[in-house]
Amino acid sequence: ADTGRTTVEAAEIGSGDKVLDVACGTGNATIPAAQTAAEVTGLDLTPRLLEQGRAAAAEAGVESGWGEGDPGRLPFEDESFDVVISVFGCMFAPDHRAAAAELARVLKPGGRLAVAAWTPEGTIGKFFTMMAGHMPPPPEGFQPPILWGTEDHARELFEGTGVELDFERANVQFEADSPEEFLAEYERKLPPIVAARAALEPEGKWEALRADLLELYKSENFAEDGS
């Protein structure tokens with residue numbers, strides 16, 4: 001949620017802007033954007049997340065549009081939006097180049113684009129790398145999502161689109177009572193871990209990944225009181 005607000009501020013979204021939030025999930029950026037009095041549309045592949053986003057927007061007392069769609073094939077005309085944002089969203093599209101091209105295509109000349117993506121060096125990047133070491137090989141041509149968090153890859157993706165890139169690194173602080181509770185929450189709710197457990201547990205391989213993940217979160221934890 002914090003990153004959604006940060007991205008809205010970075011894109012300088014304000015009253016009268018026509019905004020598209022790509023792969024919006026439950027609206028962690030859509031809703032803060034709408035709170036600026038901008039005209040905002042949230043787009044996602046998952047109907048259930050869109051339902052939750054609509055409910056959250058209603059609770060927040062803001063109006064925004066919500067639609068189902070693919071980041072690699074945005075259902076909008078060229079140059080439709082003043083601002084396009086994506087918070088840990090478009091980075092998960094299978095075809096990175098197609099997603100980048102679509103973000104640029106629907107942006108008006110002189111518009112603003114703001115993308116938040118995890119980096120390989122951060123805890124989330126280490127998480128994905130660790131997961132890959134325990135899971136079956138990905139399909140041919142697979143592009144790891146965390147490549148979006150590398151400057152060289154991002155420059156390559158937007159080459160020829162007319163988008164001028166600037167980069168800023170930031171940190172997200174996650175909080176839990178303990179590393180064990182943090183992992184337990186992920187086991188209940190984080191889709192990659194839920195899927196990994198379902199695939200590995202019948203083969204007796206889940207506990208090895210779980211132990212590695214717990215060690216990762218312990219090693220990355222900077223809270224002196226153990227929380």
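This briefing describes salt bridges in the structure shown above. The model is predicted. In total, 18 salt bridges are counted.

**Pair in helix α3**
- Arginine 48 and glutamate 51 are joined through their side chains by a salt bridge, with an N to O distance of 3.3 Å.
- Both residues belong to helix α3 (residues 47–60); because they are three residues apart there, about one helical turn separates them.
- Glutamate 51 has a relative accessible area of 43% and is therefore partly exposed.

**Pair in helix α4**
- Glutamate 102 and arginine 105 form a salt bridge in which the closest N and O atoms are 2.7 Å apart.
- Helix α4 (residues 96–105) contains both partners, which are three residues apart, or about one turn of the helix.
- Glutamate 102 counts as buried because its relative accessibility is 12%, under the 20% cut-off.
- Arginine 105, by contrast, is partly exposed, with a relative accessible area of 23%.

**Pair formed by glutamate 203 and lysine 205**
- A salt bridge links the side chains of glutamate 203 and lysine 205, at 3.4 Å from N to O.
- Glutamate 203 has a relative accessibility of 52% and so counts as exposed, the cut-off being over 50%.
- Lysine 205 is partly exposed, its relative accessible area being 44%.

Technical notes:
Residues are numbered from 1 along each chain as its sequence is written. This is a predicted model: local features need pLDDT of at least 70, side-chain atom pairs count only at pLDDT 80 or more; totals for chains, interfaces and linings use all residues. Side-chain values use heavy atoms; hydrogens and water are left out. A salt bridge is a side-chain nitrogen of Lys or Arg within 4 Å of a carboxyl oxygen of Asp or Glu. Helices (H or I, at least four residues) and strands (E, at least two) are DSSP runs, numbered from the N terminus. Buried means under 20% relative accessible area, exposed over 50%, partly exposed in between (1.4 Å probe, protein chains only).
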